[in-house]
Amino acid sequence: MLDPRVSRDIRVQDVTMVYHSHGDSVIALERVNMHVPTGQFASIIGPSGCGKSTLLRLIADILQPHSGQVTLGSDTPRAARHDHALGFVFQSPTLLPWRTVRQNVELPLDVAGRDSTRRSARSTDELIELVGLKGFEKALPHQLSGGMQQRVAIARALVLTPDVLLLDEPFGALDEITRQRMNIEMLRIWAESGTTALLVTHSIGEAIFMSDQVYVMSARPGRIVSVVDVPLPRPRTLDMMRSHVFFDCVNRVRDGLFGKEESTSAMSRPQAAEAY
Amino acid sequence: MPAAMPSIGSRLAAVARPTATLIALLVGLELLKRGGLLPVFVPAPSQVFNEIIASPRLVTANLGPTAFKATVGFFIAMGISVSAGSLAVLLRGAYAPIYNTSVTLNSIPIIATAPLLALWIGTGPQVQIVIATLACQFSMLVGTVQGLRATDARQRELMHVLSASQFQTLRYLLLPSAIPYLFAGFKIAAPAAVLGAVTAEWAGAERGLGAMMLYALFSYDTPKVWLSVLLTCLLAAGGYGIVALAERLVVRHGREVELAD
């Protein structure tokens, strides 16, 4: 199932990002290091304002780091972007409202060229079917629910078989039930694509369920405080969310987010289970 | 799917009320005039109507040329304003010179420039076309610039991640999302083009509503003056109507925009 093309790993080395406003400077990210090996799924979790979206935007070449560097495979983010190697799913679906579902999915093809070598082996129709929107090809975005719109955005991110798939809280606006279903579908799609994926989220359960590694960040300055490996096998199932391994991971992420004593004294295992 | 269409009954009602008001007004005017209660420069509606019956060729011979000149001017202005507006938004340094030129051109009193233009480029229809272009370019430029800038930051980030060129961003994102704003500008521009053409015809034209108006004024033919005023109104409103109709056909995703300035 894996795409024969070599995917890219994500390497972030000593990245610092400073925003200047009104003479003050705010350190958004301080000496951030991370490495997502080729074909793996990693998450960044942290409180609002910890710079996790900023980090994702640095990797997508939307922003430039103040110091340090980001490499995707052997390239800079800019070179990877020009190679159409990036897929980005925003928190809001960010569809073009005058384009039909099919036309939205094909927007990257309009930009890169219909005969782009990156073009997915799947036809647009197959991609639309993959995200569960068969029959809605000619619908306009405003005729779809939020969840369906986000599925269009996912299909659009896959149409040029990205080496690196960046997900900025893509399911944050969805209800819990839809969100869990989308998570499972996202994992299925990711497993088939062989792409390296990085998800920004503030849901502990989602981060662990989806990932091989979870990077836990603190705010002001944005720093990575711990990395939690998730030793759950793939494919992931909802049952795994009740396993001891899962709870261990939840507790380790909580330790990183809230400090060790606070989270362990405040919550026993059964309580943690109820929280997620 | 499409919003519920208004029923035929409610559509009829929407047309019937203004029509009834208009008829009442015309009948009232007619009665006042017959009763000798109106001054000499206000003709009875029947007198204006008689002018049309008496010389239908007067109407067709003058309505057509003005409509033609206004339309050509409108489309020239559309081409120039949309291109210039795009340039103003894409090239940082181009914004101020383009906008300032447009404002300046829009501030020139047409009534004074039309005779000068006639001296420079001759008295044919080209003068009226240029003036019609000048009269409607500003609202189109404002609409274009506002529209091109109205895109969402996320949508621009999307085009960036897709590695789209400036031209591709303009083509796939900026211009399509500007369309409701463009139409807001076009709707103001259409009547302006007609009024510009008519005003320019005052400076010397063989045919056109402006010329008809001028001749009628000089010969104290009040019904004919009012007829030319009426035809100008109809043409200007008709231009607006055509643009509004085109907007309905083009904009499918249910957005309408009013220009702020």
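Tutor: Two residues are in contact if their C-beta atoms, placed from the backbone, lie within 7 Å. By that criterion, 16 residues of chain B are in contact with 19 residues of chain A. The model is predicted: local features need pLDDT of at least 70 and side-chain atom pairs count only at pLDDT 80 or more, while totals for chains, interfaces and linings use all residues. Residues are numbered from 1 along each chain as its sequence is written, and chains are lettered from A in the order in which they are written.

Student: Which element supplies the largest share of the side of chain B that touches chain A?

Tutor: Helix H7(B) does, with 6 residues. Both H7 (153–161) and H8 of chain B supply at least two residues of that side. Helices here are DSSP runs of H or I with at least four residues, strands are runs of E with at least two, and both are numbered from the N terminus.

Student: Which residues of helix H9 of chain B are called buried, and what covers them?

Tutor: A residue is buried if 20 or more other C-beta atoms lie within 10 Å of its own, exposed if 12 or fewer, and partly exposed in between. In H9 (residues 209–218) of chain B, the buried residues are B:Leu209, B:Gly210, B:Ala211, B:Met212, B:Met213 and B:Ala216. Their cover includes H3 (56–90), H8 (166–202) and H10 (222–250) of chain B. Of the 261 residues of chain B, 38% count as buried. The chain has 10 helices and 0 strands.

Student: Why are strands S2 and S4 of chain A said to stand at the edges?

Tutor: Two strands pair if DSSP finds at least two bridges between them. In chain A, 3 strands form an open sheet in the order S2-S1-S4, with antiparallel pairing. S2 (24–36) and S4 (67–72) of chain A each have a single partner strand, so one side of each is left without a neighbour in the sheet.

Student: How many bridges join S1 to S4 in chain A?

Tutor: Strand S1 (residues 10–21) of chain A is joined to S4(A) by 5 bridges. One of the bridge partners in S4(A) is A:Val70, which faces A:Val12 as its partner.
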